[in-house]
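Here are my notes on the model you sent over. Please read them with the structure open.

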Amino acid sequence: MDTTRLGRSDIEVGRISYGCWRLAGHDVTSAAAVAEAHQKIETALDCGMTLIDTADIYGVDTAGFGAAEDLLGRVLAAHPSLRERMVVATKGGIVPPVPYDSSADHLRAACEASMRRLGVEVIDLYQVHRPDLLAHPADVARVLIDLRESGKVREIGVSNHSPSQVAALQAHLGDVPLATVQPELSLLHIDPIDDGVLDGAMAGGLTPLAWSPLGQGRLATGDAAPALLSAIDAVAERESVSRSTVALAWVMAHPSGPVPIIGTQRPERIREAAGALDVALSRADWYSLIAAAGRPLP
Ligand SMILES: NC(=O)c1ccc[n+]([C@@H]2O[C@H](COP(=O)([O-])OP(=O)(O)OC[C@H]3O[C@@H](n4cnc5c(N)ncnc54)[C@H](OP(=O)(O)O)[C@@H]3O)[C@@H](O)[C@H]2O)c1
């Protein structure tokens with residue numbers, strides 16, 4: 001698979017990545033649960049999806065807070081050689097029911113707890129999950145720099161931050177660069193194209209990681225506007241690929257180089273997603289799809 005760098009760092013990742021939001025069911029400790037999760041992670045890695053994205057909160061609705069990290073940690077403990085094949089990305093800062101806490105004390109403790117659950121000595125990419133409106137960016141910057149300088153994290157990023165929130169944090173980070181931004185981005189959520197998130201990423205050299213690139217599956221299952229679905233289908237038919245493959249190719253074609261984070265739990269669909277790299281969308285295709293998604297093209 002083609003690779004890209006995380007921001008200006010030396011961390012290279014596959015152009016499509018795998019996310020663990022849905023990885024943890026109600027059981028994350030049995031041998032069967034670990035084996036099932038292992039199959040998904042190994043399939044993603046075999047396909048070149050080397051960035052594995054998780055968060056401390058993933059699993060909160062099933063096995064509990066920390067469950068997805070715990071499960072990934074169990075997979076790594078059972079198959080230690082996987083560690084060197086993957087770039088581990090996680091997030092902290094959502095604390096039910098508060099709901100957000102990016103204070104220095106919390107982020108430091110959250111990062112250390114993530115390391116323990118994952119069983120890793122360093123987190124390759126640590127992301128602030130959502131902006132904490134009560135945290136001054138100077139304080140957030142200080143703890144992120146501390147985590148980096150102490151060797152607990154290699155690179156830092158943010159998720160669901162507006163362009164001005166990214167800029168405020170970066171101003172206090174000084175010459176320590178944010179490597180990534182993680183917005184929701186798909187043909188069902190095109191806001192980052194125009195709201196400055198992707199422009200800001202290009203201006204600052206950050207890599208966008210696109211969450212829910214299939215609109216939580218709605219683009220694949222057909223739960224979307226008929227005009228959008230028929231525009232996608234026209235390209236899919238011509239290219240002899242699936243709807244979801246075209247939807248991923250559309251995300252990746254933006255010049256900011258978004259890395260879609262896919263979330264299917266089915267190994268065959270992980271393999272299918274990798275095919276998006278072979279779909280060459282023309283300029284006309286890309287514009288026809290965004291127009292069908294509802295973006296006026298004057
Ligand atoms: N930063 C944030 O705030 C945030 C928020 C949400 C997500 N994320 C990240 O984004 C990742 C992906 O999110 P997502 O799971 O919503 O992504 P997605 O790839 O848009 O959706 C995956 C869902 O679509 C379903 N689906 C149905 N048909 C499919 C097909 N043909 N191909 C693939 N999937 C199909 C999957 O079900 P099956 O499993 O049955 O295939 C799965 O439930 C998460 O794991 C997480 O890492 C981040």
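Contact here means heavy atoms within 4.5 Å.

1. Valine 279. Leaving out neighbours within four places in sequence, valine 279 is in contact with Glu239, Val241, Thr245 and Ala249. Valine 279 sits in the loop between helix H11 (267-274) and H12. Helices (H or I, at least four residues) and strands (E, at least two) are DSSP runs, numbered from the N terminus. Is valine 279 buried or exposed? Valine 279 is buried, at a relative accessible area of 10%. Buried means under 20% relative accessible area, exposed over 50%, and partly exposed in between (1.4 Å probe, protein chains only). Between valine 279 and leucine 229 there are 17 Å in space, C-alpha to C-alpha, and the two are 50 residues apart in sequence.

2. Ground rules. This is a predicted model, in which local features need pLDDT of at least 70 and side-chain atom pairs count only at pLDDT 80 or more, while totals for chains, interfaces and linings use all residues. Residues are numbered from 1 along each chain as its sequence is written, and side-chain values use heavy atoms, with hydrogens and water left out.

3. Overall build. The protein has 12 helices and 10 strands. Its C-alpha trace spans about 50 × 45 × 35 Å along the principal axes. The radius of gyration is 19 Å, which agrees with the value near 19 Å for a compact globule of 298 residues. That radius is taken over C-alpha atoms, and the globule rule is 2.2 Å times the number of residues to the power 0.38. Buried residues make up 53% of the 298. Of the contacts with a separation of 6 or more, 75% join residues 24 or more positions apart. The protein exposes about 12500 Å², and carbon and sulfur atoms supply 51% of this area. Accessible areas come from the Shrake-Rupley method with a 1.4 Å probe; for residues, only the protein chains shown count as cover.

4. Nonpolar cores. In soluble globular proteins, nonpolar side chains tend to be buried together. A nonpolar core is a set of buried Ala, Val, Leu, Ile, Met, Phe, Trp, Tyr and Cys residues joined through side-chain atoms within 4.5 Å. The largest one has 87 residues. Ile41, Met49, Met86, Tyr126, Leu173 and Trp250 have the most contacts inside it. Helix H10 (residues 243-252) gives this core its largest share, 7 residues. Another core lies apart from it, with 11 residues, among them Val13, Ala89, Ala179 and Ile261.

5. Methionine 86. What does methionine 86 touch, not counting residues up to four places away in sequence? Its partners are Ile41, Leu45, Thr50, Ile52, Leu72, Leu76 and Asp124.

6. Helix H9. H9 (residues 226-239) has 14 residues and reaches 20 Å from its first C-alpha to its last, close to the expected 20 Å at 1.5 Å a residue. The expected span is 1.5 Å times one less than the number of residues. Leu228, Leu229, Ala231, Ile232, Val235 and Ala236 are its buried residues. Seen down the axis of H9, they fall within an arc of 160°, so they line one face of the helix. The arc is that of the directions from the helix axis to the C-beta atoms. These buried residues pack against helix H8 (218-221), H10 and helix H12 (283-292). On the face turned away from the buried side are the exposed residues Pro226 and Glu237. Serine 240 follows H9, with a positive phi near 55°.

7. Helix H7. In H7 (residues 197-204), Val197, Leu198 and Ala201 are buried. Seen down the axis of H7, these fall within an arc of 95°, so they line one face. Their cover includes helix H5 (163-173), strand E8 (178-182), helix H6 (191-194) and strand E9 (207-211). Glycine 205 follows H7, and its phi is positive, near 75°.

8. Backbone points to check by eye. The peptide bond from proline 96 to proline 97 is cis, with omega near 0°. The bond from valine 98 to proline 99 is cis, with omega near 15°. Proline 97 lies in the loop between strand E5 (87-92) and helix H3 (104-118). Asparagine 160 is not a glycine, yet has a positive phi of about 60°. Asparagine 160 is buried, with a relative accessible area of 19%.
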